[in-house]
Amino acid sequence: MSLAPLARRLSSSSTVPIFCRYTSEAIGSCRLDIKIVSVVQSAKHLHSSSASTRAPSPIPNTILSNSKVIFFLTVDTVKGLSSHDFSEVHLQVRLSSFLGPNLASEEVFPSSPVDLDNASLSDLKFRRSFSIVASTKVLNHLRQGYAPIEFFASVKPTYLERLERWDELREQKHTIPASPGNRTPESRPTTLPAMRRSETDFVVEQLHDVVAWLQICELGPDGSYLPVPVVSLGDLDAGAFLLHQGLQRRIILSLSSNSGQQLPWTDFTKVRAGNIRLLDSKGRTHESTSKSLITLPLLKEQTVEFRPDGTGLLEASALWDSSIHDSVLLNRITAANQRILLQFNFSVSVETCSDPVQFNMDAAICMRARDSSPPSKLLTFFGSTKILSKTSNLFNVRLSPPLTRSPKDLWRVDTSEKYVRGEEVLTTWKPRSISVVEDYERLVSTERKAADVQAIRAILANHRLRPLAVDALAWRADAILSKSLALWQKQFGHPGKIVLTQDSSEPEEPPPSSKKRLTEFGMENELKLISTTKLVPRKPYLHIYAHSNELEETGIVSLSGVNVESDPQKEFLLGKPFSFTLFTASNSHALAAPSAKELQAWITKLDPTRLPS
């Protein structure tokens with residue numbers, strides 16, 4: 001059952017087939033009825049709707065975030081399940097079917113079982129009300145997900161015999177027919193079955209570069225959380241957060257990776273803080289009694305984004321009360337030229353990993369009086385002092401395949417030659433081969449197509465077309481045609497002008513400085529302009545900053561094993577002369593220089609092993 005009508009606040013009623021999970025055939029049908037009782041918007045959307053008349057969603061009548069939805073689900077009119085095949089039948093619905101797979105605890109709602117030998121199939125019914133809170137993850141599941149209605153039955157021997165015959169027929173399609181007599185190499189069949197995929201296929205060690213940004217926000221006078229300043233004394237100094245005593249705080253963690261979907265993270269599972277130490281003016285570290293890591297409560301809203309340029313972003317917020325550490329270092333004002341080191345540990349769930357990935361980073365803080373003023377911007381004019389809004393840390397994530405196979409990879413393992421105790425009782429019976437996977441993929445595709453058809457019918461049934469006069473389009477045809485052509489020819493967004501300059505007073509000489517200012521555009525799936533940026537190469541990474549003052553870091557590019565290419569055909573494809581491309585292990589980046597000489601200087605700078613052409 002598709003959840004698209006429910007996401008559009010539409011009640012629906014449809015008759016859907018019941019598929020056998022073994023043969024992928026429709027063995028019956030039932031009627032599904034979803035009736036929405038009420039949709040209560042959160043207070044946040046109620047206040048925003050009264051202050052603004054702008055539509056909150058491009059699709060009308062959609063469920064807004066954090067709304068409370070109450071609806072009834074009814075399953076009845078079950079047909080097709082014969083008493084010759086099944087003796088007892090019941091159905092059930094899981095709570096994760098409506099809330100998504102990220103539900104903390106599963107809950108199952110079964111119906112009453114029906115004995116088909118003594119009762120009618122029409123007695124099998126299910127009706128229950130559900131009350132859910134539509135968070136961001138729940139809304140994504142409602143728009144794109146499906147809710148299965150599971151039927152369970154006690155089968156009879158006749159049905160099991162039918163399944164065995166089904167196995168034999170399916171395996172015969174994958175068996176090479178043997179001809180009588182001696183077979184010669186010339187008489188071998190020309191069409192051989194597809195070879196089995198290697199058990200080590202795509203099971204290799206993976207390396208991913210991840211940059212983590214940590215931001216601490218304090219409660220402001222207007223009720224909002226504002227980022228505290230971070231004072232950095234140089235390029236190698238991550239900086240220290242200037243905190244005020246007695247204020248509520250929140251921690252914002254942001255992760256970015258150029259691996260994109262190759263590192264499919266889903267959410268932060270745990271954030272901990274602790275191991276407080278004192279760093280004195282001479283660089284010596286003094287331990288304290290507060291060494292335990294305390295779990296911080298995470299807010300429900302987390303941002304997961306995989307952008308078209310091949311990058312991935314994960315962001316979450318957590319509540320932090322410094323008094324829970326019971327440390328005198330966090331309760332008193334920090335002396336001059338001293339810092340307090342605080343360790344942060346956060347776990348990230350990745351789809352391809354059996355356990356969450358662990359990250360550890362230290363952050364320096366300085367406690368100040370509650371009424372102290374922010375640092376003066378005059379500090380930035382002397383030396384290399386910078387005032388930032390967050391601190392960053394680089395991680396090299398190494399994912400190694402486990403020694404034991406995961407359940408998702410068990411189908412690749414060939415255990416036909418391994419002895420199983422008691423297998424002699426099975427006589428000639430053999431397990432299914434790769435055809436089991438093919439049948440499962442066909443079943444999932446068929447179920448989703450059938451659910452999508454019923455969802456479209458429900459949406460179209462609730463969509464009323466406005467009646468038009470007979471001659472309504474006759475006098476408006478030219479205007480509609482002109483408007484359509486104008487929309488097709490219109491260009492949205494920035495025109496994409498790429499400028500590359502260097503911080504050298506002599507433009508004819510190669511740049512002595514390692515800091516360059518340029519504009520980058522990605523080549524993954526589409527041509528996407530990222531605004532004018534400043535790139536600073538600090539090998540083995542190329543740091544990307546939003547502005548030339550190097551205060552806001554937006555990402556990194558790994559230069560390990562980078563391949564720099566400059567091709568006239570690619571220049572013609574991109575429409576930019578003197579362009580070159582950086583090919584990394586996980587992404588590609590295209591840049592353009594203003595002249596051929598600076599193009600060669602850039603290539604030599606990024607790849608010193610490349611010979612000048």
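Predicted model: local features only at pLDDT ≥ 70, side-chain atom pairs only at ≥ 80, totals over all residues.

Q: How many helices and strands does the protein chain have?
A: Helices (H or I, at least four residues) and strands (E, at least two) are DSSP runs, numbered from the N terminus. The protein chain has 10 helices and 30 strands.

Q: What percentage of the residues count as buried?
A: Buried means under 20% relative accessible area, exposed means over 50%, and partly exposed lies in between, with a 1.4 Å probe and protein chains only. Of the 613 residues of the protein chain, 38% count as buried. The accessible surface (Shrake-Rupley method, 1.4 Å probe; for residues, only the protein chains shown count as cover) comes to about 37400 Å², and 55% of that belongs to carbon and sulfur atoms.

Q: Among contacts between residues at least 6 apart in sequence, what percentage join residues at least 24 apart?
A: A contact means heavy atoms within 4.5 Å. In this protein chain the figure is 66%. With its neighbours within four places in sequence left aside, T385 is in contact with V231, S232, L233, L379 and T380. T385 counts as buried, at 16% relative accessibility.

Q: In what order do the four strands of the open sheet lie?
A: Two strands pair if DSSP finds at least two bridges between them. Here the order is β1-β2-β3-β7, with antiparallel pairing. The edges are β1 (12-19) and β7 (126-134); each has a single partner strand, so one side of each is left without a neighbour in the sheet. From one strand to the next the twist averages 25 degrees (axes are lines fitted to C-alpha atoms, for helices over the stretch in contact, and angles run from 0 to 180 degrees between N-to-C directions). Within this sheet, strand β3 (residues 67-79) pairs with β7 over nine bridges in the antiparallel sense. I70 has S131 in β7 as its bridge partner.

Q: Which residues lie on each side of β26?
A: Y541, H543 and Y545 are on one side, L542 and I544 on the other, and all are buried, leaving both faces covered. That accounts for strand β26 (residues 541-545) as a whole, with five of its five residues buried. The strand pairs with strand β27 (residues 553-558) in the antiparallel sense over five bridges. In β27, E553 is the bridge partner of Y545.

Q: How many salt bridges does the rule give?
A: A salt bridge is a side-chain nitrogen of Lys or Arg within 4 Å of a carboxyl oxygen of Asp or Glu. The count comes to 14. One of them joins R94 and E150 (2.9 Å, N to O). R94 is in strand β4 (residues 86-94) and E150 in strand β8 (residues 150-155), 56 residues apart, and the pair links distant parts of the chain.

Q: Which parts of the chain does the R277 and D362 pair tie together?
A: These side chains meet in a salt bridge at 3.1 Å, N to O. R277 lies in strand β14 (residues 265-279) and D362 in strand β20 (residues 357-368), so the pair ties together parts that are 85 residues apart in sequence. R277 is buried, at 10% relative accessibility, whereas D362 is partly exposed, at 42%. Salt bridges also link R31, D33 and D76 in a network.

Q: Which residues make the nonpolar surface patch?
A: Patches are made of residues with over 30% relative accessible area and no salt bridge: like charges are joined within 9 Å, and nonpolar side chains (Val, Leu, Ile, Met, Phe, Trp, Tyr) within 5 Å. Here L481, L485, L487 and W488 make a patch of about 470 Å². L485 is in helix α8 (residues 477-489) and is partly exposed, with 36% relative accessible area.

How values were computed. Residues numbered from 1 in each chain as written. Heavy atoms only, no water.
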